[in-house]
Amino acid sequence: MPIVKDLSSYKNVWVFAEQRQGKIMPVSIELLGEGRKLATETGSELCAILLGYNTEDMAKELIAYGADKVYVADNALLENFTTDAYTKVISDAIYEVKPEIVLMGATHIGRDLAPRVAARVDTGLTADCTQLEIDPEDKKILQTRPAFGGNIMATIVCQGHRPQMSTVRPGVMSKAEMDESRKGEVIALDIKLAKEDVRTEVVEIVKEAKELVSLTDADVIVAGGKGLGKAEGFELLKQLADKMGGVVGASRATVDEGWIDHSHQVGQTGTTVKPTIYIACGISGAIQHIAGMQSSDIIIAINKNASAPIFDVADYGIVGDLYEVVPKLMEALDKGEDLVNALKTA
Amino acid sequence: MKVIVCVKQVPDTNEVKIDPVKGTLIREGVPSILNPDDANALEGALALKDKYDDVNVTVLTMGPPQAEDMLRECLAMGADDAIHLSGREFAGGDTWATSNAIAAAINKMGDYDIIFAGRQAIDGDTAQVGPQIAERLGISQVTYVQNFEIDGNELKIQRQLEDGYEVINAKTPILLTAIKELGEPRYMTVKGIYDSFREKEIKVWGFDHLGIENDQVGLKASPTRVHKSFVPQPKGQGVMLEGSVQEMTEKLVVALKQKHLI
């Protein structure tokens, strides 16, 4: 059994500031927003831990986004993420400084790193949380996450072990506001890392899909499902998306069919999105898909089948053939103002 | 080359439904399957076996007695041996305790070059057990593996990122977690199914086999606990638009305009 520790010596909320090629990932800004809330409720400080090379500007940015302290490990060996180097540096820092809560983004990097760190420092880890709260009674963090493909939500607590660690799904929490006038402290970590400690070597980073960033940032997403019937259907959705200043999303089924790249996939195993408008075209609404888009402000469903579960989460539903509805919708958008004016004068 | 594949039997969450009246999970009649990412992991191992003569593939699972069916499936696909960790001591473990038990079993097995696991299981969705096994064994890991080549003890691995992939050089021993892109799992063959029952043996290991303390596994070794679980609330009823296609789309645009969303 992992050793039960003296819990009272663990203090403050830490956010792992994930950087790639010298840029802080958006999820880290979301975690600073969420972490500030948790720090306020537990009466503690919000700290960021930043690993990289030439990190000065990034550390300033983290302070502007609300970090009271930024623990920095700046070393050429930390320029790119490797499991070995990042685990060692973060675990050493946890042993040394003893944070109470450690949050990481549930990215491909965070999901590699967090379990490794949790195993090394012998603590519990909750994966892919979508909601974090502080228990008003004992100040423990209540970590809520979907399981069984999003069919069930489970709230997890970490009993006698510290830190309490969570990875948090990107796109779920609200970003911290930037304020350049904020003050904070930058603390250099003592790095005990040798080249031999790092057993894997990143030799190349290949960027393939450019759409992904825009999928999480987009205000409008026009997503297609199996109901498109063919890969070409996405061209029609692209026209609608272009007209509305949005991007194209997709269900897992269409990705599995090879109609569109995985980077467009919305859902449990794809990207979680919360745009202002989400238009689901020919998507039946499996729970795995809904898990990734249900916090969109407005959901519009277009489906032939009136009993499709997507209509249960839709704010507006249109029963019809998307190949008829989408072109008409584009026409209606062109006439937008006229339609509203006509209504006023009527 | 000794290859171990960690596999899990899971309920097919695509088939799990919510009881609309009671708001509970309906698991009756839901088939248990080999976790999809684990099937990709096994395929990665079997592809090595196709390519090189000296590869031995052992599948390892921890789970209740019925997990044997899944191990037979793995053997029928082409795995050489199967080990089934089974015992009530293991029940209720979180990822800390699960990885501890599995790592102890792997230590007991001894020699290995590559350990494969799936990226995540579709029931828990944590993606933690693979990396935690690697940590306990003190070996390196690469997760989200979409492709790899091996030359002696050196690997060149493509690791999937959200917006592309990275190329990683590494050495054995190593733990790799597989994603779908690693390979479409092969079907069982009729001969394979026959051999899986007649020619191949499943070793069942109980807790006593592992030589670890019983506070190292199962519920009591788990740092995390489920505080409560609940079914997500469906959103309130939206508006179903009516009329001809033209009328419906025009009503929609007007509604969005009036809410100043477009």
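Predicted model: local features only at pLDDT ≥ 70, side-chain atom pairs only at ≥ 80, totals over all residues.

## Strand β10 of chain A and its partners

P146(A) stands opposite M153(A), a residue of β10(A). This pair belongs to the antiparallel pairing of strand β9 (residues 141-147) of chain A with β10(A), which extends over 5 bridges. The two strands make up a hairpin with 4 residues between them, and in the turn F148(A) has a positive phi of about 50 degrees.

Strand β10 (residues 152-158) of chain A is largely enclosed by the rest of the structure, because 7 of its 7 residues are buried. In a regular strand, side chains alternate between the two faces of the sheet. For β10(A) both faces are covered, with I152(A), A154(A), I156(A) and C158(A) buried on one side and M153(A), T155(A) and V157(A) buried on the other.

β10(A) also pairs with a strand of the other chain: β10(A) and β14(B) run antiparallel and are joined over 6 bridges. Within this pairing, A154(A) lies opposite S229(B) of β14(B).

## Strand β11 of chain A

Strand β11 (residues 164-168) of chain A is mostly covered as well, with 5 of its 5 residues buried. On one side the buried residues are Q164(A), S166(A) and V168(A), and on the other they are M165(A) and T167(A), so that both faces are covered.

The pairings of β11(A) described here are parallel: strand β6 (residues 101-105) of chain A is joined to β11(A) by 5 bridges, and strand β7 (residues 125-129) of chain A is joined to β11(A) by 3 bridges.

| Strands | Sense | Bridges |
|---|---|---|
| β9(A) and β10(A) | antiparallel | 5 bridges |
| β10(A) and β14(B) | antiparallel | 6 bridges |
| β6(A) and β11(A) | parallel | 5 bridges |
| β7(A) and β11(A) | parallel | 3 bridges |
| β13(A) and β11(B) | antiparallel | 6 bridges |

T126(A) is found in strand β7 of chain A. With a relative accessibility of 2%, T126(A) counts as buried, and its side chain makes a polar contact with the side chain of Q143(A) at 3.2 Å. Leaving aside neighbours within four places in sequence, the residues in contact with T126(A) include R145(A), I156(A), M165(A), S166(A) and T167(A) of its own chain, together with Q128(B) and T224(B) of chain B.

## The contact between the chains

How many residues does each chain give to the contact? Chain B gives 78 residues and chain A gives 88 residues. Between them the two chains bury about 7500 Å², of which 57% is on carbon and sulfur atoms.

Strand β13 (residues 201-207) of chain A pairs with β11(B) in the antiparallel sense over 6 bridges, and in this pairing V202(A) stands opposite I168(B).

The count of salt bridges between chain B and chain A is 8. One salt bridge joins the side chains of K180(B) and D256(A), with a nitrogen-to-oxygen distance of 2.8 Å. The elements giving two or more residues to the side of chain B that touches chain A include α4 (129-137), β9 (140-151), β10 (154-161), β11 (164-171) and β14 (224-230) of chain B. The largest share of that side, 12 residues, comes from α6(B). By class, the side of chain B that touches chain A has 35 nonpolar, 24 polar and 19 charged residues.

## Two further positions

S196(B) lies in helix α5 (residues 190-198) of chain B and counts as buried at 1% relative accessibility. The C-alpha atoms of S196(B) and R72(B) are separated by 5.7 Å, although the two residues are 124 residues apart along the chain.

E257(A), by contrast, is placed in the loop between α7 (252-256) and β16 (277-281) of chain A, and is partly exposed, with a relative accessible area of 42%. From C-alpha to C-alpha, E257(A) and A231(A) are 8.5 Å apart in space, and they are 26 residues apart in sequence.

Note on methods
Residues numbered from 1 in each chain as written. Chains lettered and ligands numbered in written order. Heavy atoms only, no water. Contact = heavy atoms within 4.5 Å. Buried area = accessible area lost by both parts, 1.4 Å probe. Salt bridge = Lys/Arg side-chain N within 4 Å of Asp/Glu carboxyl O. Nonpolar A, V, L, I, M, F, W, Y, C, P; charged D, E, K, R; others polar. Pairing = 2+ DSSP bridges. Buried < 20%, exposed > 50% of the residue type's maximum accessible area, 1.4 Å probe, protein only. Polar contact = N/O pair within 3.5 Å; in protein donor to acceptor, adjacent residues only side chain to side chain.
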